[in-house]
Amino acid sequence: MGEWKNFLATRWGIIFVGILIGILASILQKLGNPPNMGICVACMERDIAGALGFHRASVVQYMRPEILGFVLGAFLSALAFREFRPRGGSAPFIRFILGVFAMIGALVFLGCPWRTLLRLAGGDGNAIFGLLGLIFGIWIGTRFLKAGYSLGRTQVSTSKAVGLGFPLLMLGLLILLLIDPQPEGESRGMLLFYSLKGPGSQHAPLLISLAVGLLIGVIAQRSRFCTMGAFRDLILFRQGHLFSGIAALFIAAFITNLILGQFNPGFEKQPIAHTMQLWNFLGMTLAGLAFTLAGGCPGRQLFMSGEGDGDAAVFATGMIVGAAIAHNFGLASSPSGIGPNGAVATVIGLIVCLIIGLTMRRR
Amino acid sequence: MAEIVDARGLSCPEPVLLTLEAIKRLGKGEIEILVDTDTSKENVSRAASSMGWQIENVIEEGSGYRIRIKRD
């Protein structure tokens, strides 16, 4: 067990994890997930917000089992390897706000860093602008880190409840999904909302999605896989450890897409994407900056919440609330372009994140 | 007497940043870094090694680790 544990945290270990995630994401798409969205932490959390009725965008409502699996897999892994540490209390409300704006930025672009890579691997050229924005946002974040930015220390909690809350919530949502499936041809179960068309109606079989989510939760917890940290460490320390993981993900997804006939290069009419490049860039600048200031990409925040990190759970909750705000108030983009209030929300988000970056300091 | 860097409870990448600051400031000698997650333990050890410092030992302490690094 000890050697296995060490292996996934090595250079080859994280490359292995990246390859596996890339292949599994492309296969999930083949099995029914939306195009270039085998895995998208932001989109899937947005669908969960829809399934709970926090927003009523009828095309994006589904209790995505992958997300539940991410948290529960990381939770089980942390327990098994004795890394479950209930903790919290490092500027939780600031993290909540960062989560809200990270989601708004991601929904202006239409994807988190995971989907940015998967969109590129599917041939979507618009994702180049999202990727450049992501890197630019992370770069801004590293300037703050260099200048002493910090959200302060978290506290190790003596109460297990601090760390158990979020994994138990995910377990509860999973049970709800299992006992409240979509009635044939209807958009409402007993409680949960479902989509009849659009991305929310496209999904791989539940148990396969759940199994893949659990597996990725385990290996990502072991390897500390992080799509934002990949660029941050490269920029800040010239260290390519995490980057080799996302490079492996991209290459593996690209090859799998070629094999499965899912590679369609171009800019126009790409699935669940728009061609307003300035906002693709700025949306992901906002998301990248927010992830950097919060210390992890949206996937990593879920894995950390599974390890007992209550602050990461607050960030993830902020993202779900952000999705509801984005769809209720016309901030989220669609294939026809950005929402009516997407531009102003992105600018406000950037200003708020810059203020957070400038004011939160060590000591 | 080893320099002590207390990085407990700090988010990524602050433990590594503080460690590298201490490494640059001292140039050589001994540094002890306190961390409280396995992720930080791995990240700090990796960063110290890449700067040519030796990992003397890693001791479990309280709910975290005390990492002792050295360069002659």
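Colleague: At what angle do the axes of α5 and α14 of chain A cross?
Modeller: Roughly 45°. Those axes come within 7 Å of each other. Helix α5 covers residues 92–109 of chain A, and helix α14 covers residues 310–328. Axes are lines fitted to C-alpha atoms, for helices over the stretch in contact, with angles from 0 to 180 degrees between N-to-C directions. Helices (H or I, at least four residues) and strands (E, at least two) are DSSP runs numbered from the N terminus.

Colleague: Where do the coordinates come from?
Modeller: This is a predicted model: local features need pLDDT of at least 70, side-chain atom pairs need 80 or more, and totals for chains, interfaces and linings use all residues. Residues count from 1 along each chain's written sequence, while chains are lettered from A and ligands numbered from 1 as written.

Colleague: Which residues make that helix contact?
Modeller: From α5(A), they include F96(A), V100(A) and L107(A). From α14(A), they include F315(A), G318(A) and I325(A). Contact here puts backbone-placed C-beta atoms within 7 Å.

Colleague: Switching to chain B. How many of its residues touch chain A?
Modeller: 18, against 21 residues of chain A. α2(B) gives the most to that side, with six residues.

Colleague: And what order do the strands take in the chain B sheet?
Modeller: β1-β2-β4-β3, in an open sheet with mixed pairing. Strands pair if DSSP finds at least two bridges. The edges are β1 (3–6) and β3 (54–61).

Colleague: How do β2 and β4 run, parallel or antiparallel?
Modeller: Antiparallel, joined by seven bridges. L34(B) has R66(B) in β4(B) as its bridge partner. α2(B) packs on the sheet, touching β2, β3 and β4 of chain B. Its direction makes about 5° with that of β4(B).

Conventions. Two residues are in contact if their C-beta atoms, placed from the backbone, lie within 7 Å.
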